[in-house]
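Subject: Structure handover

Hi,

Here is the structure for you to look through.

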Amino acid sequence: MLLPASRICNQLNATGEGHGPDSSLNALWTWPPFALFDVVDVRHKTINSILQRAKDGSTVDLWWFYLAVLDYARAPKRISDKTPEQGTEAPIDATFKSPFIGQNEFDVARWLKGKPKGVNLDSHFFGLLDKQAEKSGKVVLCRIGDSHLKGNEVTCLLWDADQATLWLGGQHYGDWDDVMEGKGPYIPELH
């Protein structure tokens with residue numbers, strides 16, 4: 001079932017994080033926007049295409065990927081518990097150079113876990129641009145933590161950009177593990 005952005009945000013729990021099982025089977029498990037890390041120096045044309053395709057496929061017409069930079073001051077801020085601030089709009093600045101080139105999923109997970117409280121990025125789910133971004137236009141989706149979002153384990157799935165933010169934004173408890181069982185984990189192509 002596809003939900004409009006206002007309904008998605010209204011279903012999130014009052015903490016603003018949207019994480020964790022609660023009494024509602026329909027409670028969403030994520031809080032957009034999601035950090036997106038370029039770790040292999042993806043061409044701007046490809047990044048713009050991925051950002052646009054993710055927005056177009058989201059069904060809520062929102063930019064839900066934030067192309068991460070080191071400075072948290074540029075990251076989306078929490079406006080209220082029911083209003084998501086958007087991520088990075090395509091086209092990106094022609095001078096953009098990712099500070100995360102050469103890092104892996106564990107490195108960028110530490111950046112995400114270190115975000116200040118007012119930064120409005122999901123704390124457990126994020127995207128990664130590896131070699132597959134250039135080859136196939138796909139995004140690596142990553143989760144920090146186990147099935148209860150506890151711990152620092154990082155697991156990854158390869159996903160079509162068109163459906164990436166739609167799938168992340170509609171996560172419910174157990175969805176990630178169900179897909180992992182069927183597809184198996186993905187190891188990012190960094191070199």
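Below are my notes on confidence, salt bridges, one proline and the aromatic rings.

Confidence first. This is a predicted model. The average pLDDT over the chain is 85, and 83% of the residues score at least 70. Strand 1 has the highest confidence, at 98. Helix 1 (residues 5–11) has the lowest, with a mean of 32. Please take care with residues 1–26, where the pLDDT is below 50. In the model this stretch has 56 contacts beyond near neighbours in sequence. Where pLDDT is low, predicted coordinates should not be read in detail.

Next, the salt bridges. The count is 8. Three of them are described here.

- K97 and D41. Their side chains form a salt bridge, with N to O at 3.2 Å. The two residues sit in distant parts of the chain, 56 residues apart. K97 is in the loop between strand 2 (65–67) and helix 3 (105–113). D41 is in the loop between strand 1 (34–38) and helix 2 (44–57). K97 is exposed, at 54% relative accessible area. D41 is partly exposed, at 41%.

- R53 and D162. In this salt bridge the closest N and O atoms are 2.5 Å apart. R53 belongs to helix 2 and D162 to helix 5 (residues 161–169), so the pair ties together parts that are 109 residues apart in sequence. R53 is partly exposed, with a relative accessibility of 24%. D162 is partly exposed too, at 31%.

- K135 and E189. Here the closest N and O atoms of the salt bridge are 2.7 Å apart. K135 is in helix 4 (residues 131–136), while E189 is in the segment after helix 6 (175–183), so this bridge ties together parts 54 residues apart in sequence. K135 is exposed, with 58% relative accessible area. E189 is partly exposed, at 23%.

Now the proline. Which part of the chain holds P185? P185 lies in the segment after helix 6. Its relative accessibility is 60%; P185 counts as exposed because that value is over 50%. P185 touches C156 and M180, leaving aside residues up to four places away in sequence. L157 is worth a look as well: its C-alpha atom is 5.7 Å from that of P185, though the two residues are 28 apart along the chain.

Last, the aromatic rings. The structure holds 9 aromatic pairs. One of them joins W167 and W176: the ring centres are 5.6 Å apart and the planes meet at 35 degrees, so the pair is tilted. Are these two tryptophans buried or exposed? W167 is buried, with a relative accessible area of 17%. W176 is buried as well, at 1%. Elsewhere, ring pairs link a cluster made up of F37, Y72, F100, W111 and F126.

Best wishes

Definitions and conventions:
Residues numbered from 1 in each chain as written. Predicted model: local features only at pLDDT ≥ 70, side-chain atom pairs only at ≥ 80, totals over all residues. Heavy atoms only, no water. Salt bridge = Lys/Arg side-chain N within 4 Å of Asp/Glu carboxyl O. Helix = DSSP H or I, 4+ residues; strand = E, 2+ residues; numbered from the N terminus. Buried < 20%, exposed > 50% of the residue type's maximum accessible area, 1.4 Å probe, protein only. Contact = heavy atoms within 4.5 Å. Phe/Tyr/Trp six-rings, centres within 6.5 Å; stacked < 30°, edge-to-face > 60°. pLDDT = per-residue confidence, 0-100.
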